[in-house]
Amino acid sequence: MSADALWYFGRGTGVSALTLFTLVVVLGLLVRSGWSSPALPRFVVSAVHRTTSLTALGLLAVHVVTLLLDPYAQLRLVDLVVPFLGAYRPFWQGLGTLALDLVVLLVLSSLLRDRLGRRTWRALHWAAYLCWPAALVHAVGNGTDGTSTWMLALVGGCVAAVGGALTLRLRAARTSETETQSVPAPVPPAYLAGLR
Amino acid sequence: MNAPQRLLGAAAATLADHSRLLGPLPGVDGAGILRAAAESSLTGRGGAAFSTGRKLASVAAASDPVVVGNGAEGEPASSKDRRLLATAPHLVLDGLQLAARAVGSRTAYLYAPADLLRTRLEPALRERRDDVPVTTVASPGAFLSGEESAVVQAVQGGRAVPTSTPPRVFERGVHGRATLVQNVETLAHLALLTRFGAAWFRGVGTSAEPGTRLLTVSGAVAAPDVLEVAGGTLLADALALAGGPTEPLGAVLVGGYHGAWVPAEAVADIALSRDGLAPYGAAPGAGVVLALADSSCGLRAGADVAAYLAGQGARQCGPCRNGLPALAGTLRALADGRPSPLLVAEVQRVSRLVEHRGACHHPDGTVRLVRSTLRTFSAEVAHHLAGRCTARHGALVVPSETEEAIA
């Protein structure tokens, strides 16, 4: 075990967190699109969305703390909160800080959902649409393996998944098909026949 | 005595079949639905029998309310909601849409067992183009998971256990919004009476118990089944519809595990109505009718039910955590024939201690069942105190805790 462990651990959890946050965003979009399938019912999608977001949060915490402790990354405490002040690639690192701030906002607002009210919570949850791209670009621009083939393939997969889910979400604009009818209606003969 | 099969006769697997049978979802506005519900005198079919019209009106007065269709059916002796959801999912979903329209809600949830959501309800939802989007939530199947504040907890993503009331959920429910939690059978009735009118709804049953209701008849009957009967049907007729008793009965448990026993000699003349059952401390409740053979020991049956209920507690407050296990244990000792008159006094003492002290009605419901057991089977209690049991075999089947944990 050397000091390198922190470095590798920090990088590994960063990539894992990005993958999981992609899943969180995809599932969140699916929840809102009303999409479901026999293999993945709606109630499962929303339950997995919630639990995956907390798992991803754990990975993100390890990512941030290991790199803060790692001497090579040269992170200061202020870099965890205020973006674009970093010593190394401040812009790309700043995007990570920004994403972290937004994740904290998303989690806190979800925990305080009952106090905030639905409209405020929903408005704040829109931050997710800013958070995920910031994290993605941070991974490519700041990551040691950011532009390696496997990383680009992973990023491509993440973008495709979110893009696909976003398409479903945008297509889900619902139309009303309620037909007007006089009430009370006569009981249909077929139903009436079956009543006795 | 055969009642019109209004709910069970509305079985339709697809939306096309459903619309062909009953016509489209009516276009009546919210005020029209509120009026029809009030005129129909429909009451909630989850157990509490509260006026649906009054509940709808109360929630409609709030801003930005939520509606929840409750198909949790935690009662082990009840399977009518499951039958209804499996055979007529679109009727329930129609009722959910109409309830949302009646109270002016844009947020609807359907809370039901996971297997039904996956196999029946989500496929049905995919067929529909509903005005109000429906979010599905899986119910865990525990006894208390269908209690309205537990439903709200589950919908919010928490553990499905009751919270203390007031506030009632129709004042402050899901994420602090006024919430209409309505049993799925109630919603199905609402879908029909909105279509065909309150007068049509009242055309069956008695003036105090209009319409039809679903029953789950089980125990010592030839053909245990879910049945649809007219309101105010005689208990004996309900048993006859389920094939009749297989042997002489000792008593019938009515309403559910929070219900009460009706002794066999009263069964012939008693109507399944609030008035008819009131002398026995029972009510139609969720439509549970469980026949106990005279050859079974009623005291042991009561002890089994009490033990089940004690095991199903939310364990959030004292009466549930300590009181109910003590109560069930004492009744068990009495049933197992420890001949001590002190046990009866102890059951009564603990009953008084836990009563009205829980955050929810679970302790009260359990005490009702225990007191009814001692009252109905007082002769059996005397035998047990003398060290005998008149029963030839064990009692009704109560789901054990292990089965519950696996399910």
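Two residues are in contact here if their C-beta atoms, placed from the backbone, lie within 7 Å. Keep that cut-off in mind as you click through this predicted model.

**Stop 1**

Start by selecting B:V252. Setting aside neighbours within four places in sequence, you will find B:V252 in contact with B:L235, B:W261, B:V262, B:V267, B:V289, B:L290, B:A291 and B:L292. In soluble globular proteins, nonpolar side chains tend to be buried together.

**Stop 2: where the chains meet**

Show both chains and colour them separately. Chain A brings 28 residues to the contact, and chain B brings 34 residues. On chain A, pick out α2 (42-69), α5 (113-116) and α9 (189-195), each of which supplies at least two residues of the side that touches chain B. Of these, zoom in on α9(A), which gives the most to that side, with 4 residues. If you colour this side of chain A by class, expect 11 nonpolar, 8 polar and 9 charged residues.

**Stop 3: the domains of chain B**

The domain assignment divides chain B into domain 1 (8-201), domain 2 (212-293) and domain 3 (298-406). Select domain 1 and domain 3 of chain B: their C-alpha centres lie 33 Å apart. Where these two touch, domain 1 of chain B contributes 10 residues and domain 3 of chain B contributes 9 residues. The domain 1 side of that contact has 6 nonpolar, 3 polar and 1 charged residue.

**Stop 4: a helix in chain B**

Stay in chain B and select residues 148-155, helix α7. Is this helix enclosed or open? All 8 of its 8 residues are buried, so helix α7 of chain B is largely enclosed by the rest of the structure. Among the buried residues of α7(B) are B:E148, B:S149 and B:Q153. To see what surrounds them, show β1 (66-70), β2 (107-113), β3 (134-139) and β4 (179-183) of chain B, against which the buried residues of α7(B) pack. Just past α7(B), look at B:G157, where phi is positive at about 95 degrees.

**Stop 5: a glycine in chain A**

Bring chain A back and find A:G164 in helix α8 (residues 149-171). A:G164 counts as partly exposed because it has 13 C-beta neighbours inside 10 Å. Finally, draw a distance from A:G164 to A:S53: the C-alpha atoms of this pair, 111 residues apart along the chain, are separated by 20 Å.

Terms used
Residues numbered from 1 in each chain as written. Chains lettered and ligands numbered in written order. Predicted model: local features only at pLDDT ≥ 70, side-chain atom pairs only at ≥ 80, totals over all residues. Nonpolar A, V, L, I, M, F, W, Y, C, P; charged D, E, K, R; others polar. Domains from an automatic or database assignment. Buried ≥ 20, exposed ≤ 12 C-beta atoms within 10 Å, placed from the backbone.
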